[in-house]
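Q: I would like to go through a structure with you. Could we begin once it is on display?
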Amino acid sequence: DEAAQLAKMKVQLSSRGEALQEESALLTSTHEVHAQVLSELSSTRSSMNVITIEAEDTLARLLQEENLRRAETEEAKHVRGMQETLTKALFEEKHTLHEKVAALESETNLAISSLCEYGEASREVDELE
């Protein structure tokens, strides 16, 4: 009877070990995907910074040119309106990207937490064996 119980427990532990290995593989895959997303996000953020700097330089140049003109024309008013629209669009895009970064960081933290929980469960299984 005791041997049968031990055999049954061994089968259960083996089954649980397999399930934990599958979960580990899934978590590892998730972690790799998150790492890739963070890498792409970093690249996107760098590109966004370059675009922002270029846009700011362009806006500064346009404003300087505008200040050199003595008389305002309808063309100058139109350019200022476009500058304002572009500036608003850039700031909205920047805000959206920051929100996406925060969401990805949250997901990454959750994945890391899950990996830590798996490590603890794995140690418990090792101790039971």
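Q: Where does E124 lie?
A: E124 lies in helix α2; helices are DSSP runs of H or I with at least four residues, strands are runs of E with at least two, and both are numbered from the N terminus. This is a predicted model, in which local features need pLDDT of at least 70 and side-chain atom pairs count only at pLDDT 80 or more, while totals for chains, interfaces and linings use all residues. Residues are numbered from 1 along each chain as its sequence is written, and side-chain values use heavy atoms, with hydrogens and water left out.

Q: How does E124 count by relative accessibility?
A: E124 counts as partly exposed, at 44% relative accessibility. Buried means under 20% relative accessible area, exposed means over 50%, and partly exposed lies in between (1.4 Å probe, protein chains only).

Q: Which residues gather with E124 in the patch of negative charge?
A: The surface patch also holds E23, E117, E120, D126 and E127. Patches are made of residues with over 30% relative accessible area and no salt bridge, with like charges joined within 9 Å and nonpolar side chains (Val, Leu, Ile, Met, Phe, Trp, Tyr) within 5 Å. Asp and Glu count as negative, Lys and Arg as positive, and His and the chain ends are not counted.

Q: Which helix gives the largest share of the negative patch?
A: Helix α2 (residues 74-128) does, with five residues.

Q: Changing topic, how many salt bridges are in the whole structure?
A: A search of the whole structure finds one, where a salt bridge is a side-chain nitrogen of Lys or Arg within 4 Å of a carboxyl oxygen of Asp or Glu. The side chains of E65 and R61 form the bridge, at 3.0 Å from N to O.

Q: How far apart are E65 and R61 in helix α1?
A: They are four residues apart, so about one helical turn separates them.

Q: What about the span of α1?
A: The 67 residues of helix α1 (residues 2-68) should span 99 Å at 1.5 Å a residue, and the end C-alpha atoms are 96 Å apart, which agrees. The expected span is 1.5 Å times one less than the number of residues.

Definitions and conventions: Areas by Shrake-Rupley, 256 points an atom, 1.4 Å probe, with all protein chains shown as cover. Charge placed at Lys NZ, Arg CZ, Asp CG, Glu CD.
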